[in-house]
Amino acid sequence: MKYSEATENQILASSPGFSTWLSANAGSGKTKVLTDRVARLLLNGVLPQRVLCLTYTKAAANEMQNRLFSRLGSWSMMPDIRLRENLIALGVNKDTINLPYLLNSRKLFAQAIETPGGIKIQTIHSFCSSMLRRFPLEAGVSPSFEEIDS
């Protein structure tokens, strides 16, 4: 299948084999690329509790989580042929997609929702807050600090 240059770049950016810094205009597909990347990490055997996604806004974090769980959930029920097509469109090498790979793909939704702590998709602000709460002395803040919300 032949893809546009933009789609090819998105597939490349979602590849877990490369470090990627993603910066683009609104509506250009950043959330799609990040969601694709997380899916590909999980397909490659990365444990859900080892995934951390940081975004700027709560809306973006919620959207990313909804898209990811929607995709993983749909994979769990998809016929083999459609699942294979989905994985290839995601950028998975078609030669690596065998029956065990398809079975593993179908298990990812259950793994993601059953893992204690699960996949962390949060804002930079909430991540920093959690670090300060976890290591207040190392950060030089009072363990009973309160955030200013405004």
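Trainee: What makes α2 and α3 oblique to each other?

Mentor: Helix α2 (residues 30-43) and α3 pack at about 45°, with axes 9 Å apart. Angles under 35 degrees are roughly parallel, over 145 roughly antiparallel, 65 to 115 roughly perpendicular, and the rest oblique. So α2 and α3 count as oblique. This is a predicted model: local features need pLDDT of at least 70, side-chain atom pairs 80 or more, while totals for chains, interfaces and linings use all residues. Residues are numbered from 1 along each chain, and side-chain values use heavy atoms, without hydrogens and water.

Trainee: Which residues of α2 and α3 meet?

Mentor: Contact means heavy atoms within 4.5 Å. Among them, L34, V38 and L42 in α2 meet residues of α3 including L68, L72 and W75.

Trainee: Why are F69 and F109 called an edge-to-face pair?

Mentor: Rings of Phe, Tyr and Trp (its six-membered ring) pair if their centres lie within 6.5 Å; planes under 30 degrees apart are stacked, over 60 edge-to-face, the rest tilted. F69 and F109 have centres 6.2 Å apart and planes at 80°. F69 lies in α3 (residues 58-77) and F109 in α5 (residues 99-114), so the pair ties together parts 40 residues apart in sequence.

Trainee: Is F69 buried or exposed?

Mentor: Buried means under 20% relative accessible area, exposed over 50%, partly exposed in between (1.4 Å probe, protein chains only). F69 has 17%, so F69 is buried. F109, with 27%, is partly exposed.

Trainee: Where does the charged end of R133 sit?

Mentor: Over the ring of F145, 4.4 Å from its centre. The rule asks for NZ of Lys or CZ of Arg within 6 Å of the ring centre and within 35 degrees of the ring normal.

Notes:
Helix = DSSP H or I, 4+ residues; strand = E, 2+ residues; numbered from the N terminus. Axes fitted to C-alpha atoms, helices over the stretch in contact; angles between N-to-C directions.
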